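Let's walk through this structure together, one part at a time. Keep the sequence and the model side by side as you read.

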Amino acid sequence: MKTVIIILVICLVAAIALAGCCIFRKRNTEATIPMTAKLPGKAVIIYYSQSKVGNTATIAQWIQKHVGCEMIAIELVEPYPEAYFETLKAVGKERKEKTERAIKPITVPEDCDIIFLGAPIWYGTHALPMATFLKSHPFAGKTLIPFSTHGGGGAPLVESDLKAACPEATVLKGFTARGSNQIERRLNIGVTSHHTEDDVVAWLNSLF
Ligand SMILES: Cc1cc2nc3c(=O)[nH]c(=O)nc-3n(C[C@H](O)[C@H](O)[C@H](O)COP(=O)(O)O)c2cc1C
């Protein structure tokens, strides 16, 4: 009897959690607010996205949809494993040993003055492949706009780390969104759980 009650309570809690997900979280929707931002120059989006669901890639696509510029993905010569915990282990080892994975060569268009830089948050800041990319691209004189997705901890160090990596660039206010997992994606809950395309457009409008 006791076991049955425990199972019933677990089912009830799971049902409430699922209902909460469906009711309170934003769903993927097309943008409903107009893009009013007028960018004062040519832009390019450069991003890295690692997980299977590609949260940061999705934000990059939303930005591209409204800004209408070229988009370049940072790719690793030897990608991280697909499984989350294996990636955590590999990244933890690289941080400890101060090693990094090589990235494939990227040609950044020279006539772009505005660079959107996107990455998942790893340990409070942009993921290691973005840090590797920035070492050979200090973007002096350019305007940098960071965006990221995270697992709940926000992006506390992105802007300061970007300023440190690119001291002669101007860094504008970034955008960060909580990433969603595979179950949330299947339920068509907002790509980023708590954010929609409208949030990206509102942020772009606030910049320019
Ligand atoms: C190695 C590693 C470290 C992470 N560190 C953090 C963190 O410090 N804070 C956080 O909120 N999420 C963290 N996450 C979660 C990712 O930021 C989150 O899942 C993100 O949306 C993944 O983006 P992607 O789909 O573009 O790869 C980490 C994930 C990995 C794999």
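The shell around the ligand divides into 8 nonpolar residues, 14 polar ones and no charged ones. Here Ala, Val, Leu, Ile, Met, Phe, Trp, Tyr, Cys and Pro count as nonpolar, Asp, Glu, Lys and Arg as charged, and the others, Gly among them, as polar. This is a predicted model, in which local features need pLDDT of at least 70, side-chain atom pairs count only at pLDDT 80 or more, and totals for chains, interfaces and linings use all residues. Residues are numbered from 1 along each chain as its sequence is written.

Which residues are closest to the ligand? Among the 22 that surround it, they are Thr56, Pro120, Gly151, Gly153 and Gly179; a residue is near a molecule if its C-beta atom, placed from the backbone, lies within 6 Å of it. α2 (55–67), α3, β3 (114–122) and β5 (143–150) each supply at least two residues of this shell. These helices (H or I, at least four residues) and strands (E, at least two) are DSSP runs, numbered from the N terminus.

Now look at α3, residues 84–97. Its 14 residues reach 20 Å from first C-alpha to last, close to the 20 Å expected at 1.5 Å a residue; the expected span is 1.5 Å times one less than the number of residues. Lysine 98 follows α3, with a positive phi near 55°.

Finally, find phenylalanine 116, which touches Ala43, Ile45, Ile63, Ile145 and Phe147, leaving out residues up to four places away in sequence. Two residues are in contact if their C-beta atoms, placed from the backbone, lie within 7 Å.
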